[in-house]
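Colleague: I have not looked at this one before. Can we go through it together?
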Amino acid sequence: VVDSIRIKVNKSIKPGIGNDTSFCSGGVAVFKVPNGFVNYTWQDGSINQSYAATAKGMYYVTVTDSNGCVAGDTAFVNNVYPLPLVSLGNDFAICQNEVHLFDAGSGFAKYLWQDNSTAQTLTSGAVGTYWVQVTDMHTCKAADTVLIIAHKPVPADFLDAFAALCAGRSITVSANGNWQSYLWNTTASTPAIDITQ
């Protein structure tokens with residue numbers, strides 16, 4: 001007596017969850033199993049069709065198709081790059097007719113200011129909001145904002161308009177008010193000077 005049976009070998013199909021990748025801090029890499037499988041099991045035991053990776057490491061999935069064949073795939077998050085650090089300082093007031101140099105710092109691949117300029121520095125003396133976004137070599141981005149709050153008044157009316165001097169004598173000329181520093185045309189740096197002519 002002879003009998004026969006035909007056996008079909010079903011091939012398991014690699015699910016292909018995506019390429020190895022890196023991203024910036026705060027980002028995410030989503031590895032997804034394509035359609036056509038009935039069960040999914042990720043490295044942490046989760047059973048969704050996709051997995052959101054937020055840390056550096058190895059990620060893998062085991063899948064089962066409708067024939068009961070099992071296959072798997074692995075992907076790596078090679079790096080989670082830190083965000084660049086940029087600081088424009090604290091909000092401040094500025095003297096009238098003064099300009100301020102904003103400097104975002106060196107070493108970044110790209111700069112973008114609120115006025116669409118793209119240099120490392122920006123110069124302005126106007127009251128308002130200033131911000132910069134920097135991009136590093138890994139395309140990670142960070143930003144900072146600072147305000148010029150107001151214009152401070154400049155010193156004024158600190159010398160008397162006229163003074164009288166008798167021949168052969170000296171007088172003391174004083175700057176009215178209390179100031180942080182003084183500079184006379186004689187190069188003196190005191191609040192008052194004696195003059196003879």
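Colleague: Leaving aside neighbours within four places in sequence, which residues is Val70 in contact with?
Modeller: Val70 is in contact with Ser12, Thr62, Val63 and Thr64, where contact means heavy atoms within 4.5 Å. This is a predicted model, in which local features need pLDDT of at least 70, side-chain atom pairs count only at pLDDT 80 or more, and totals for chains, interfaces and linings use all residues. Residues are numbered from 1 along each chain as its sequence is written, and side-chain values use heavy atoms, with hydrogens and water left out.
Colleague: Which strand does Val70 lie in?
Modeller: Strand E6, residues 70-81. Helices (H or I, at least four residues) and strands (E, at least two) are DSSP runs, numbered from the N terminus.
Colleague: And what does Val70 count as in terms of accessibility?
Modeller: Partly exposed, because its relative accessibility is 48%. Buried means under 20% relative accessible area, exposed over 50%, and partly exposed in between, with a 1.4 Å probe and protein chains only.
Colleague: How far is Val70 from Asn39?
Modeller: Their C-alpha atoms are separated by 9.3 Å, and the two residues are 31 apart along the chain.
Colleague: Stepping back, how many helices and strands are there?
Modeller: Zero helices and 14 strands.
Colleague: What about the overall dimensions, along the principal axes?
Modeller: The C-alpha trace spans about 150 × 25 × 25 Å. The radius of gyration is 36 Å, whereas a compact globule of 197 residues would have one near 16 Å. That radius is taken over C-alpha atoms, and the globule rule is 2.2 Å times the number of residues to the power 0.38.
Colleague: How much of the protein counts as buried?
Modeller: 25% of the 197 residues. Of the contacts with a separation of 6 or more, 45% are between residues 24 or more positions apart.
Colleague: New topic. How many disulfides does the structure hold?
Modeller: One, a disulfide being a pair of cysteine sulfur atoms within 2.5 Å. Cys24 and Cys140 form it, with their sulfur atoms 2.0 Å apart.
Colleague: Which parts does the pair tie together?
Modeller: Cys24 is in strand E1 (residues 21-24) and Cys140 is in the loop between strand E11 (128-135) and strand E12 (141-152), so the pair ties together parts 116 residues apart in sequence.
Colleague: Is that disulfide left-handed or right-handed?
Modeller: Left-handed, because the torsion about the S-S bond of Cys24 and Cys140 is about -95°.
Colleague: Are Cys24 and Cys140 buried or exposed?
Modeller: Cys24 and Cys140 are both buried. As for other cysteines, Cys95 counts as partly exposed because its relative accessibility is 27%, and Cys166 counts as exposed because its value is 54%.
Colleague: What does Thr135 touch, not counting residues up to four places away in sequence?
Modeller: Cys140 is one of its contacts, and the others are Phe108, Ala109, Lys110 and Lys141. Thr135 is in strand E11, and it counts as buried because its relative accessibility is 10%.
Colleague: Last one, Gly18. Where does it lie?
Modeller: In the segment before E1. Gly18 is partly exposed, because its relative accessible area is 38%. Leaving aside neighbours within four places in sequence, Gly18 is in contact with Asp73 and Ala75.
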